[in-house]
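Visitor: I would like a close look at a single part of this model. Please keep the answer connected and brisk.

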Amino acid sequence: MNLAFVGMAAALGISAAGSAYGVGYAGMSAVGAWKKCYASGKQAPFILLAFAGAPLTQTIYGFLLMNFIRNAIDSVDPGLALGVGLFAGLAIGLSGLNQGRCAAAACDALASTGKGTANYFIVVGIAETVALFALVFSMLALG
């Protein structure tokens, strides 16, 4: 069995799992925030959908990393490909998980105050940056 293939699966699978958890957190919070708005007679912000969907991009990063490992399979040690897939997949997945938690807090805050949208997006974007760094540095390691 080629360990590089396990690395490919880990890169996508762990990243997607983090996205799924993150979307779950953010989505549940968005629904609760809309409920809070409807119950108090306030207009429900549509922008909460953007917060709910933000962690989905980590699945894309995992897919890109999986393909990059596949393209490098003949030129890198299988152990390196496995390690990169596992550890980068974990970093990307945790980024998605915690991005979802940040987005959940943003949903609650925006529904309560109606203010701070740009600030909330900045925080959600900082969590995204971790995934981007993990992807780029992993690609360089496989170089």
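How many residues does H5 have, and how far does H5 reach from its first C-alpha to its last?

Guide: First, the ground rules. This is a predicted model, in which local features need pLDDT of at least 70, side-chain atom pairs count only at pLDDT 80 or more, and totals for chains, interfaces and linings use all residues. Residues are numbered from 1 along each chain as its sequence is written, and side-chain values use heavy atoms, with hydrogens and water left out.

H5 has 26 residues. From first C-alpha to last, H5 reaches 38 Å, close to the 38 Å expected at 1.5 Å a residue. The expected span is 1.5 Å times one less than the number of residues. Helices here are DSSP runs (H or I, at least four residues; strands are E, at least two), numbered from the N terminus.

Now the setting. The chain has five helices and zero strands. Along the sequence the pattern reads α-α-α-α-α. The C-alpha atoms fill a box of roughly 60 × 25 × 15 Å along the principal axes. Of the 143 residues in the chain, 42% are buried. Buried means under 20% relative accessible area, exposed over 50%, and partly exposed in between (1.4 Å probe, protein chains only).

Back to H5. Its buried residues are Tyr120, Val124, Ala127, Glu128, Ala131, Ala134, Leu135, Ser138 and Leu142. They pack against H2, H3 and H4. Contact means heavy atoms within 4.5 Å.

Take H4 next. Two packed helices are described by the angle between their axes and the distance between the axes. Axes are lines fitted to C-alpha atoms, for helices over the stretch in contact, and angles run from 0 to 180 degrees between N-to-C directions. H4 and H5 pack at about 175 degrees, with axes 8 Å apart. H4 is therefore roughly antiparallel to H5. The cut-offs are under 35 degrees for roughly parallel, over 145 for roughly antiparallel, 65 to 115 for roughly perpendicular, and oblique for the rest. The contact of H4 with H5 holds 21 nonpolar residues, five polar and one charged. Here Ala, Val, Leu, Ile, Met, Phe, Trp, Tyr, Cys and Pro count as nonpolar, Asp, Glu, Lys and Arg as charged, and the others, Gly among them, as polar.

Buried residues of H3 include Tyr61, Leu65 and Ile69. Helix H5 (117-142) is among the elements that cover the buried residues of H3.

Finally, the rings. The whole structure contains two aromatic pairs. Rings of Phe, Tyr and Trp (its six-membered ring) pair if their centres lie within 6.5 Å; planes under 30 degrees apart are stacked, over 60 edge-to-face, the rest tilted. Phenylalanine 51 and phenylalanine 121 have ring centres 4.3 Å apart and planes at 20 degrees, so this pair is stacked. Phenylalanine 51 sits in helix H2 (residues 48-53) and phenylalanine 121 in H5, 70 residues apart, so the pair links distant parts of the chain. Phenylalanine 51 is buried, at 0% relative accessibility. Phenylalanine 121 is partly exposed, at 32%.

Phenylalanine 133 and phenylalanine 137 also form a stacked pair, 5.7 Å centre to centre with 15 degrees between the planes. These two lie four residues apart in H5, so about one helical turn separates them. Phenylalanine 133 is partly exposed at 46% relative accessibility. Phenylalanine 137 is exposed, at 52%.
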